[in-house]
Amino acid sequence: MVANSSVAKVLLVAGTHGNERNAPWLHSHWQQQPGELQKQGLEVVSLIGNPAAYLQNKRYVNRDLNRSFSSDLLDDPENQELELLRARELLAMHGPKGSAPAQVVIDVHSTTASMGSCLVIYGDREADLAIAAACQGALGLPVYLHGFDAKQNGFMIQAWPCGVVLEVGPVPQGVICPKICKQTRIGINTLLDVLTSARAGKLNLPRFLNVHRHLCSLEIPKDAAGNPLACLHPERLKGDWQEIKTGDPLFQNAAGNVEYFKSSQTEPVYTVFSNEAAYQEKNIALSLTCREKIRVTENWAPALRALLQG
């Protein structure tokens, strides 16, 4: 099936993680009021990313769906884990070579970390950067640019030509919060307005895109049996996007003893996703980033427009 050239298909994914309830709650509303999502020149398809996990109010059933889109997993015929079957199904339906291909994916998440709302992009694709720059100009959101990390890969939006993650928080897992739903709705509508403008050739971009580029993740100290020896120090829980310097408190054990941060970077570093509940199983205490100011080039907006025009 060939995509309708008169419109650009946008895939809006809620509930990639089944215990993140706010975007799926909005999805249910949009099923009754689909006109809220439709913008001129766009066909927006909203769906639940991981229905089985959503029904169980669990992050996932067999494996993290948002780490299941790497080619080595997708191309392994012997791996029949539920989330891999779902990843293959989503690609067969709306992937670049699917029956109803989408040009852009908006993957909507919530976080338990005290970091507010942000956009996440992976790598330096020009169309992704254009979306991030335009949305940052409209909403002032921080942008987390996640490059290669051997411990974290296979993200959903990397399997499409263009994609962005909208993170909204903080909110506990399994909880629907009106404030978070409102912020999610604002973010989604802004992203769709950006895509509408881009397709029409009317996208206005700022001169620079400010990003927090991923450096690495710090592990939770554990003993030989895998039990945590310490937790993040209270100072690290006051909010992300803040600089952490050598000598700042990092971890604290049950006796109150403190382990202090020592930077291996020559540039200032900043925290993100501190004490994210979902990352406890991944043994991630927080991630470190550096600030970077990227000059917007004249290629970004045309790259996004060309993608949306097919």
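A residue is called buried here when its relative accessible area is under 20%. The legends below describe close-up views of a predicted model.

**View 1. Helix H5 and its burial.** Helix H5 covers residues 126-139. The buried residues of H5 are Ala127, Asp128, Leu129, Ala130, Ile131, Ala132, Ala133, Ala134, Cys135 and Gln136. With ten of its 14 residues buried, H5 is therefore largely enclosed by the rest of the structure. Gly140 follows the helix and has a positive phi, near 75°.

**View 2. The crossing of H5 and H7.** The axes of these two helices come within 8 Å and cross at roughly 110°. Angles of 65 to 115 degrees count as roughly perpendicular, so H5 is roughly perpendicular to H7. From H5, the contact is made by Glu126, Ala127, Leu129, Ala130, Ile131 and Ala133. From H7, Trp300, Ala301, Ala303, Leu304 and Leu307 take part. By type, the residues of this contact are ten nonpolar, no polar and one charged.

**View 3. The crossing of H6 and H7.** Helix H6 spans residues 178-199 and helix H7 spans residues 300-309. Their axes come within 8 Å and cross at roughly 90°, so H6 and H7 are roughly perpendicular to each other. On the H6 side the contact involves Leu195, Ala198 and Arg199. These meet Leu304, Arg305, Leu308 and Gln309 of H7. The residues of the contact of H6 with H7 divide into four nonpolar, one polar and two charged.

View 4. Strands of a sheet pair through backbone hydrogen bonds, either parallel or antiparallel. Here, three strands form an open sheet in the order S8-S10-S11, and the pairing is antiparallel. Strand S8 (231-232) and strand S11 (258-260) stand at the edges. Each of these edge strands has a single partner, so one side of each is left without a neighbour in the sheet. Two bridges link S8 to strand S10 (residues 249-252) in the antiparallel sense. Within this pairing, Leu232 has Phe251 of S10 as its bridge partner.

View 5. Strand S12 covers residues 269-272. Val269 and Thr271 point one way from the strand, while Tyr270 and Val272 point the other way. All of these residues are buried. Strand S9 (residues 243-244) is joined to S12 by two bridges, and these strands run antiparallel. Opposite Tyr270 of S12 stands Glu243. S12 also pairs with strand S13 (residues 284-295) over three bridges, again in the antiparallel sense. In S13, Ser287 is the bridge partner of Val272.

View 6. Arg295 lies in strand S13. Its relative accessible area is 52%, and a residue over 50% counts as exposed, so Arg295 is exposed. Leaving aside neighbours within four places in sequence, Arg295 is in contact with Arg207, Phe208 and Trp300. Arg295 and Arg207 are 88 residues apart in sequence, but their C-alpha atoms are 6.1 Å apart in space. Trp300, another residue in contact with Arg295, is also one of the H7 residues in the contact with H5.

Definitions and conventions:
Residues are numbered from 1 along each chain as its sequence is written. This is a predicted model: local features need pLDDT of at least 70, side-chain atom pairs count only at pLDDT 80 or more; totals for chains, interfaces and linings use all residues. Side-chain values use heavy atoms; hydrogens and water are left out. Helices (H or I, at least four residues) and strands (E, at least two) are DSSP runs, numbered from the N terminus. The expected span of a helix is 1.5 Å times one less than its number of residues. Buried means under 20% relative accessible area, exposed over 50%, partly exposed in between (1.4 Å probe, protein chains only). Two strands pair if DSSP finds at least two bridges between them. Axes are lines fitted to C-alpha atoms, for helices over the stretch in contact, and angles run from 0 to 180 degrees between N-to-C directions. Angles under 35 degrees count as roughly parallel, over 145 as roughly antiparallel, 65 to 115 as roughly perpendicular and the rest as oblique. Contact means heavy atoms within 4.5 Å. Ala, Val, Leu, Ile, Met, Phe, Trp, Tyr, Cys and Pro count as nonpolar, Asp, Glu, Lys and Arg as charged, and the others, Gly among them, as polar.
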